[in-house]
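This report concerns a single protein chain. Please consult its sequence and structure below before reading on.

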Amino acid sequence: MLHIPWIDLDHLFSPSAKDYFSLYGESRFREQESLLLTQLLQKKNSHIIALGGGTLLSEENQAKIKTSGKTIYLWIPFTLFLERMRANPLLSLDKRFLEK
């Protein structure tokens with residue numbers, strides 16, 4: 001077990017990430033997400049940051065992450081991905097893509 005503190009980026013939203021997205025829309029959500037990420041990456045102590053897949057859609061976020069430490073990508077089967085996306089309140093993909 002790693003003895004390094006971890007932070008889930010979505011848990012830093014106020015109101016919750018789901019509510020923030022619903023209230024302000026995806027564009028503002030992504031802006032706030034990038035700001036929160038930048039603040040976390042500026043911390044001097046070691047920590048693990050859990051990111052959602054949408055965080056990496058921004059090339060700016062990708063560049064920040066690449067220069068700030070190690071990145072671990074968690075792979076899941078595509079069918080599990082689709083199950084999670086169907087239930088994801090932050091989903092901005094066309095819902096027809098997710099239909100069975």
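The sections that follow cover the fold, the core, the aromatic residues, the loop and the surface.

## Overall architecture

The model is a predicted one. Its secondary structure consists of four helices and two strands, which occur along the sequence in the order β-α-β-α-α-α.

The protein has 100 residues, of which 22% count as buried. Among contacts with a separation of 6 or more, 52% are between residues 24 or more positions apart. The accessible surface is about 7800 Å², and carbon and sulfur atoms account for 57% of that area.

In soluble globular proteins, nonpolar side chains tend to be buried together. In this model, the largest nonpolar core has eleven residues: Ile7, Leu9, Phe13, Ala17, Tyr20, Phe21, Phe29, Leu36, Leu37, Leu40 and Ile65. Helix 1 (residues 17-41) gives the most to this core, contributing seven residues.

Ile65 is a member of this core. Apart from neighbours within four places in sequence, Ile65 is in contact with Leu37, Leu41, Leu51, Leu56 and Thr71.

## Aromatic pairs

The structure contains six aromatic pairs. In one of them, the ring centres of Tyr20 and Tyr24 lie 4.6 Å apart with the planes at 55°, so the pair is classed as tilted. The cut-off that matters here is that edge-to-face pairs require planes over 60 degrees apart.

Both tyrosines belong to helix 1, where Tyr20 and Tyr24 are four residues apart, about one turn of the helix. The limit for a buried residue is under 20% relative accessible area. Ring pairs also connect Tyr20 and Tyr24 with Phe13, Phe21 and Phe29 in a cluster.

## A cis peptide bond

Ser14 and Pro15 are joined by a cis peptide bond, with omega at about 0°. Pro15 is situated in the loop between strand 1 and helix 1.

## A nonpolar surface patch

Leu2, Ile4, Trp6 and Ile48 form a nonpolar patch on the surface. Together, these four residues have about 410 Å² of accessible area.

Trp6 lies in strand 1 (residues 6-8). Its relative accessible area is 56%; Trp6 is therefore exposed, as the class begins at over 50%.

Note on methods. Residues are numbered from 1 along each chain as its sequence is written. This is a predicted model: local features need pLDDT of at least 70, side-chain atom pairs count only at pLDDT 80 or more; totals for chains, interfaces and linings use all residues. Side-chain values use heavy atoms; hydrogens and water are left out. Buried means under 20% relative accessible area, exposed over 50%, partly exposed in between (1.4 Å probe, protein chains only). Contact means heavy atoms within 4.5 Å. Accessible areas come from the Shrake-Rupley method with a 1.4 Å probe; for residues, only the protein chains shown count as cover. A nonpolar core is a set of buried Ala, Val, Leu, Ile, Met, Phe, Trp, Tyr and Cys residues joined through side-chain atoms within 4.5 Å. Patches are made of residues with over 30% relative accessible area and no salt bridge: like charges are joined within 9 Å, nonpolar side chains (Val, Leu, Ile, Met, Phe, Trp, Tyr) within 5 Å. A salt bridge is a side-chain nitrogen of Lys or Arg within 4 Å of a carboxyl oxygen of Asp or Glu. Rings of Phe, Tyr and Trp (its six-membered ring) pair if their centres lie within 6.5 Å; planes under 30 degrees apart count as stacked, over 60 as edge-to-face and the rest as tilted.
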